[in-house]
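User: Hi, I have a structure to go through. Can you walk me through it?
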Amino acid sequence: MSDAKLNTASDLATLTQHFGIILGTERFDDCVTFYRDILGLPLWFEKDGLCCLRFGGGYLMIETGGHARDTRKPNSENPTMLRFNVMDVPAVAETLRARGITVDVRTFAWGTVGTFTDPDGNACEIKNADDPFFLGSECC
């Protein structure tokens, strides 16, 4: 970045009204059911071929036009992971398992995560929100 500071009145983050993620899916109906009904993301609106769900302070827009896999997509196909920061990873993992989702919980020096996939093979993850990195931070 140059020595000149960005004008906060024109920073994209300041000008943005809503942040969102658009997820192209092949198994559209299954993915809508997964994110809306199984994970419980609140519906914002629906139109033909897309479903927009609340995703924290932003949205997750599910559309058609993606490519599905029966297993987790490798990073070469989809290097993005949807992250849900929760207070109790093991408890949330058990809730997801009771809803038919396979969750792989692992603990690392930097925190505990539970990884799972949506019906198209896209990676999702729950992470401990009590991580000191997130506490007291405006980030997440």
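Analyst: One term before we start: partly exposed lies between buried, under 20% relative accessible area, and exposed, over 50%. Arg 36 has 26%, so Arg 36 is partly exposed. Also, this is a predicted model.

User: What is the mean pLDDT of the chain?
Analyst: The mean is 90, and 86% of the residues reach 70 or more.

User: Where is confidence lowest, and where highest?
Analyst: Confidence is lowest in helix α1 (residues 12–15), with a mean of 85. Helix α2 has the highest, at 98.

User: Now the sheet. In what order do the strands run?
Analyst: The order is β1-β4-β3-β2. The sheet is open, with four strands and mixed pairing.

User: Which strands stand at the edges?
Analyst: β1 (20–25) and β2 (43–47). Each has a single partner strand, so one side of each has no neighbour in the sheet.

User: How do β2 and β3 pair? What sense, how many bridges?
Analyst: Antiparallel, over four bridges. Phe 45 stands opposite Cys 52 in β3.

User: And what does helix α2 touch?
Analyst: Helix α2 (residues 28–38) packs on the sheet and touches β1, β2, β3 and β4. The direction of α2 makes about 160° with that of β4.

User: New topic. How many salt bridges are there?
Analyst: Seven. One of them joins Asp 37 and Arg 36, with the closest N and O atoms 2.7 Å apart. Another links Glu 94 and Arg 97, at 2.5 Å from N to O.

User: Where do Glu 94 and Arg 97 lie?
Analyst: Both are in helix α3 (residues 89–98), three residues apart, which is about one turn of the helix.

Note on methods: Residues are numbered from 1 along each chain as its sequence is written. This is a predicted model: local features need pLDDT of at least 70, side-chain atom pairs count only at pLDDT 80 or more; totals for chains, interfaces and linings use all residues. Side-chain values use heavy atoms; hydrogens and water are left out. Two strands pair if DSSP finds at least two bridges between them. Helices (H or I, at least four residues) and strands (E, at least two) are DSSP runs, numbered from the N terminus. Contact means heavy atoms within 4.5 Å. Axes are lines fitted to C-alpha atoms, for helices over the stretch in contact, and angles run from 0 to 180 degrees between N-to-C directions. pLDDT is the predictor's confidence in each residue, from 0 to 100. A salt bridge is a side-chain nitrogen of Lys or Arg within 4 Å of a carboxyl oxygen of Asp or Glu. Buried means under 20% relative accessible area, exposed over 50%, partly exposed in between (1.4 Å probe, protein chains only).
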